[in-house]
Amino acid sequence: MRQQFGILLLDRTEIILRIYETNNKEWKLLHYKSTTVPALTKNQGLQERTVIETISEMLILEEAQHIADWKICARLVPQPILHAISSAIGLEIEDLPLIREQELLCKGMFTELW
C-alpha cells in the first residue's frame with residue numbers, strides 16, 4: 001500500500017516542504033519546495049504572518065492533498081513565535097534543540113546505509 005507523508009521544516013529564514021511516498025519496501029521523495037522568509041526573531045508580527053501565509057500556501061498545494069500524516073519541526077525559532085504559528089495553523093510544531101537535530105541527522109544518515 002502506498003502512502004504519502006509531509007515534512008515541513010521552519011528554519012529561521014527558510015521553510016522547507018518535502019513530500020515522500022512509501023510502500024512496504026522503500027520510500028521516495030515526490031515533491032520539494034523551499035521558500036525564504038524574513039528572519040523569525042522576537043516580537044516580529046509581520047514575519048509571523050508571512051510564515052503563516054507561506055505554510056498555508058504550501059498545505060493547499062495539489063501535491064499536499066493526499067498526505068497520511070504531517071511532521072512539522074522548527075529550528076532556531078523563538079518559542080513565542082513558534083507557539084503563535086502553531087496556534088494559527090492548527091498543527092503541532094516540534095522545536096528542534098541541538099540534541100534532537102543530531103538524532104534526526106543520524107537517523108537520516110542511517111537510512112542511506114539501509
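In this predicted model, Cys-106 has a relative accessibility of 47% and therefore counts as partly exposed. The sulfur of Cys-106 lies 15 Å from the closest cysteine sulfur, that of Cys-73, which is too far for a bond. Cys-73, by contrast, counts as buried, because its relative accessibility is 8%. Its closest cysteine sulfur is in turn that of Cys-106, at 15 Å, again too far for a bond. A disulfide requires two cysteine sulfur atoms within 2.5 Å. Accordingly, the structure holds zero disulfides.

Cys-73 belongs to β4 and stands opposite Leu-9. Strand β4 comprises residues 67–75 and runs parallel to β1, to which it is joined by eight bridges. Strand β1, residues 3–11, is also joined to strand β2, residues 14–22; here the two strands run antiparallel, with nine bridges between them. Within this pairing, Gln-3 has Thr-22 of β2 as its bridge partner. Together, β1 and β2 form a hairpin in which two residues separate the strands. Arg-12 lies in the turn of this hairpin and has a positive phi of about 45°.

Attention may now turn to the surface. Phe-110, Leu-113 and Trp-114 make a nonpolar surface patch of about 480 Å². Of these residues, Trp-114 is found in the segment after α3, a helix that spans 98–113. Trp-114 is classed as exposed because its relative accessible area is 76%, and the cut-off for that class is over 50%.

Notes: Residues numbered from 1 in each chain as written. Predicted model: local features only at pLDDT ≥ 70, side-chain atom pairs only at ≥ 80, totals over all residues. Heavy atoms only, no water. Buried < 20%, exposed > 50% of the residue type's maximum accessible area, 1.4 Å probe, protein only. Patch = residues over 30% accessible without salt bridge, like charges linked within 9 Å, V, L, I, M, F, W, Y side chains within 5 Å. Areas by Shrake-Rupley, 256 points an atom, 1.4 Å probe, with all protein chains shown as cover. Salt bridge = Lys/Arg side-chain N within 4 Å of Asp/Glu carboxyl O. Helix = DSSP H or I, 4+ residues; strand = E, 2+ residues; numbered from the N terminus. Pairing = 2+ DSSP bridges.
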